[in-house]
Amino acid sequence: MPAKSLGKIRIRYVAVVFAFAFVSVFVLLNAVGKRYAEEKAVELVNATDDDVEATANDFYTVMLLNDARAAVRLIGEPTAYSRERMLEIASIYSVDEINIADRSGRWIASTEDPLPDLPLADAPATAEYLKLLDGSAETVTGRFRASVSAPFLRAKYAGVPFPGGRGLLQMGVLEKTVGETASGFFECVIDGWKIGQRGFVVYSEKDSDRLVSGSWTNGLPRSARTLSEAGIDEKLFAAAEHEVRSASFCGIPCWVKVHCFAGRRILLVLPFAEYQDIRIILTFIPLLLLAAVFSVIVVILRKVRAVEIAEERLREIERARLDADIQMAAAIQHNSLPHSFPPFPDIAESVDLYAAMRPARDVGGDFYDFRRVGADRLLVAVADVSDKGISAAMFMMRAKVTLIGECSGRGGRLGDGVASANRLLCQGEGNEMFVTAWVGLFDFKTGRLSYVIAGHNPPVLRHADGSVEFLSGEPDLPLAAMEDADFTVHETRLSNGDLLFAYTDGVTEASDRSGSLFGDARLLSAVADAHGGAREACEKVVAEVSAFTSGAPQSDDITVLALRMPLSAAGDALGRLSRRKFNLS
Amino acid sequence: MTVEKHIDGDSLTIAVDGAIDTVTAPELQREISLDGVKNLVFDISKVGYISSAGLRIFLNCQKSMLKTGGKMAVSGANESVMHVFAITGFTKIIHYV
């Protein structure tokens, strides 16, 4: 037997477990997804921020170098120009500073006053420019950075050599100065800059809150004309200049970082929606998998349940069929016993015969039978197969046919008949059963009774005067026990009014609820107390047994058989005899 | 029902305690192995009831012993058990000690 039926695991319980799992997984994945999306977004915005800075630098490196080369061509020779001339040249290129050094690496002209007197080699910031003099570098450039002299102003420098290493020109520009003319940079480079799939860059006009209406909208409403209209306040500005912050831009939840350059505020905006897809994938794919697993389990459980129900139904059908079979077997068995009384109406006045069998289950192992042998004799048998159920019932049928057939067909030689039946019943491999039987051959003309006791309970003999006793005789072995067993034929004679009561041990061993047995004494008194003939004796004993057991389950088949020589039968015989005598006389 | 077995050479003594009925008879049957046994003794002094299933065991053992030329005896049968043996004719084939 399986420990527990799989199909009986309620789908409801599985659903509860899975619902719990669903919620847990959803909450967990949602948190993980949110965290992941946030990290990715911050990373992307920061990278873009760096990119904007680098791009601005690159853009102005190219511009500065262009201007520096143009200035070199304009100047021709590294000469100790006056500061005025230098400022004039600087204004041509809209730069803040121009310095010229000679072949020896000494500053000879500058827009600065006084002229820096420290040789290039002696200042860390300028030592790099010496590479221009020995030809090992074509250009030297630097990023926008705060200078020592003006910590709040960022400046960018670039240097190019005069041909033939005759000297070098260094050009510097302040971020502030760039800002005056930087619209080109913003229009060409910053405008339309996209961050990821949905992010974008917007910027304000110089030193203003006004947003430049470029191509940034990316499907966003153009309604906002200023940063404050877009929902970006000064407080957020201050915070978002250093790290990525969440904010609402034009009502759209976004990640925001502010980059200040050339007097403009560059706003890097990445809507939360950017990583929504990945969040959805991260969250819903496992949930879908879970749902699939759940569905599969439900389907399996349903299938298993269905199979079990089908099997149960099959078993029920099988049981019903078996029950029907047993009912049929019981009916066949019942019909195999004689039930119409008197069985031989023509001799009803000579012998009063009655028998009944009440099986413990549908089919029994007990039987009784009687048959006419010749004109005056009657073969009667009561038997009990040492088992119960279908197999006992089948063996009982075999035993009945064999015993009655053998005993009635040998010209009334009872001993031979029983011995032959025994031999026949011993044949057959694996036959584990035996049959106890009481077989009698009764001559109802003379009252002579021959009988064989094959391991069977002794019948009760009730005399005409009402006294009762067990029929004497030492029992032989049951039938089908030993093939070569001997069977003694006992003899007695019944007188008029005597009643013989045979039975199976279902009568004497019937037990009440406490386990006490009906026993011999109760049997004797029941037979003694029964008034009337064979039928009354049988019914009395059965009624007494029922009363004794008072509802305790019947554990064994109960069979009763009574045979009585009527007083009148003897009278009739005498009468006939006397009439014959009378007629003769 | 409990079963105790004692083997002494080719002698087997089986002591049974309790009723030998439809339920316990198969248990007793499983305990019995008669290979090489020449003397089989059932001690049933503690048996109060023997059903037909129990009788069948004695019968089968008796048949086996007869086949192998051994001997079987039953000892200590009480009155009611003896009565069953008597009614069923088993007294004719089984040796009692």
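Guide: Two strands are said to pair if DSSP finds at least two bridges between them, and strands are themselves DSSP runs (E, at least two residues), as helices are (H or I, at least four), numbered from the N terminus. This is a predicted model, in which local features need pLDDT of at least 70 and side-chain atom pairs count only at pLDDT 80 or more, while totals for chains, interfaces and linings use all residues. Residues are numbered from 1 along each chain as its sequence is written, chains are lettered from A and ligands numbered from 1 in the order in which they are written, and side-chain values use heavy atoms, with hydrogens and water left out.

Visitor: How do you know that strand β3 of chain B is joined to strand β4 of chain B?
Guide: Five bridges join β3 (residues 39-46) to β4 (residues 71-75) in chain B, and the two strands run parallel. Within this pair, Val41(B) stands opposite Ala73(B) in β4(B).

Visitor: What makes β1 and β5 of chain B stand at the edges?
Guide: The open sheet has five strands in the order β1-β2-β3-β4-β5 (chain B), with mixed pairing. Because β1 (2-8) and β5 (95-96) of chain B each have a single partner strand, one side of each is left without a neighbour in the sheet.

Visitor: Why is the meeting of Glu39(A) and Arg35(A) called a salt bridge?
Guide: The term requires a side-chain nitrogen of Lys or Arg within 4 Å of a carboxyl oxygen of Asp or Glu; for the side chains of Glu39(A) and Arg35(A) the N to O distance is 3.4 Å, so the pair qualifies. These residues are four apart in helix α1 (residues 11-75) of chain A, and are therefore separated by about one helical turn.

Visitor: Why is Arg35(A) called exposed, and what is Glu39(A) called?
Guide: Buried means under 20% relative accessible area, exposed over 50%, and partly exposed in between (1.4 Å probe, protein chains only). Arg35(A) has 54% and so counts as exposed, whereas Glu39(A), with 43%, is partly exposed.

Visitor: Which parts of the chain does the salt bridge between Arg372(A) and Asp346(A) link?
Guide: In that salt bridge the closest N and O atoms are 3.1 Å apart. The pair links distant parts of the chain, with Arg372(A) in strand β13 (residues 366-373) and Asp346(A) in the loop between α7 and β12 (352-358) of chain A, 26 residues apart. At 26% relative accessible area Arg372(A) is partly exposed, while Asp346(A), at 58%, is exposed.

Visitor: How do you know that chain A and chain B are in contact?
Guide: Contact means heavy atoms within 4.5 Å, and 19 residues of chain A are in contact with 17 residues of chain B. Between them the chains bury about 1,500 Å², 57% of it on carbon and sulfur atoms, where buried area is the accessible area (1.4 Å probe) that two parts lose on being put together, summed over both.

Visitor: What makes a salt bridge across this interface?
Guide: The rule finds one there. The side chains of Asp476(A) and Lys92(B) meet at 2.1 Å, N to O, so the pair falls within the limit already given.
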